[in-house]
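Please work through each task before reading its solution.

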Amino acid sequence: MEETWSFGAAPEQLRRKHQPFRVRYARKTLSGWLNDVVAAGLILEAFYEPHADEATAEAHPEVADTRIAPFSLIVRARRP
């Protein structure tokens with residue numbers, strides 16, 4: 001999947017300096033991602049789901065729901 005992103009929340013003077021850019025990614029289930037890591041022969045070690053802290057969620061309601069459903073998952077894995 002590919003989307004075009006821009007710095008829409010940035011001040012106008014900064015937005016004018018930066019062209020929109022394309023981001024490619026694959027939408028997969030959690031089990032799909034983790035099974036791919038295991039199939040590559042790696043050992044899963046740790047997981048982290050970045051989310052807004054309470055103060056950030058209050059100041060920026062648009063990211064408050066990351067406290068319930070984070071936007072991403074970081075997986076640490078290693079070769080055996």
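The structure is a predicted model. At 41% relative accessibility, Phe7 counts as partly exposed, because that class lies between the limits of 20% and 50%.

**Exercise 1.** Determine how many aromatic pairs there are, and classify each of them.

*Solution.* 

Step 1. The count of aromatic pairs comes to 2.

Step 2. For Trp5 and Phe21, the ring centres are 6.1 Å apart and the planes stand at 70°, so this pair is edge-to-face.

Step 3. Locate the two partners. Trp5 is partly exposed, its relative accessible area being 39%. Phe21 is likewise partly exposed, with a value of 31%.

Step 4. Phe7 and Phe21 form a tilted pair, with 5.4 Å from centre to centre and 40° between the planes. This pair also links distant parts of the chain: Phe7 lies in the loop between E1 and helix H1 (12-17), 14 residues apart from Phe21 in strand E2.

**Exercise 2.** Identify which residues make the nonpolar surface patch, and state which elements give two or more residues to the patch.

*Solution.* 

Step 1. The patch consists of Leu30, Val38, Leu44, Phe47, Leu73 and Val75, and its area is about 470 Å².

Step 2. Two or more residues come from each of these elements: helix H2 (30-39) and strand E3 (43-48).

Step 3. Consider one member in detail. Leu44 is placed in strand E3. Its relative accessibility is 31%, so Leu44 counts as partly exposed.

**Exercise 3.** Is Thr66 buried or exposed, and what does its side chain reach?

*Solution.* 

Step 1. Thr66 is found in the loop between helix H3 (54-59) and strand E4 (74-78).

Step 2. The relative accessible area of Thr66 is 5%. Thr66 is therefore buried, because the limit for this class is under 20%.

Step 3. The side chain of Thr66 reaches the backbone oxygen of Val63 at 2.7 Å.

Step 4. Leaving aside residues up to four places away in sequence, Thr66 touches His51, Ala52 and Phe71.

Terms used. Residues are numbered from 1 along each chain as its sequence is written. This is a predicted model: local features need pLDDT of at least 70, side-chain atom pairs count only at pLDDT 80 or more; totals for chains, interfaces and linings use all residues. Side-chain values use heavy atoms; hydrogens and water are left out. Patches are made of residues with over 30% relative accessible area and no salt bridge: like charges are joined within 9 Å, nonpolar side chains (Val, Leu, Ile, Met, Phe, Trp, Tyr) within 5 Å. Accessible areas come from the Shrake-Rupley method with a 1.4 Å probe; for residues, only the protein chains shown count as cover. A salt bridge is a side-chain nitrogen of Lys or Arg within 4 Å of a carboxyl oxygen of Asp or Glu. Helices (H or I, at least four residues) and strands (E, at least two) are DSSP runs, numbered from the N terminus. Buried means under 20% relative accessible area, exposed over 50%, partly exposed in between (1.4 Å probe, protein chains only). A polar contact is a pair of N or O atoms within 3.5 Å; within protein, one must be able to donate a hydrogen and the other to accept it, and residues adjacent in sequence count only if both atoms are side-chain atoms. Contact means heavy atoms within 4.5 Å. Rings of Phe, Tyr and Trp (its six-membered ring) pair if their centres lie within 6.5 Å; planes under 30 degrees apart count as stacked, over 60 as edge-to-face and the rest as tilted.
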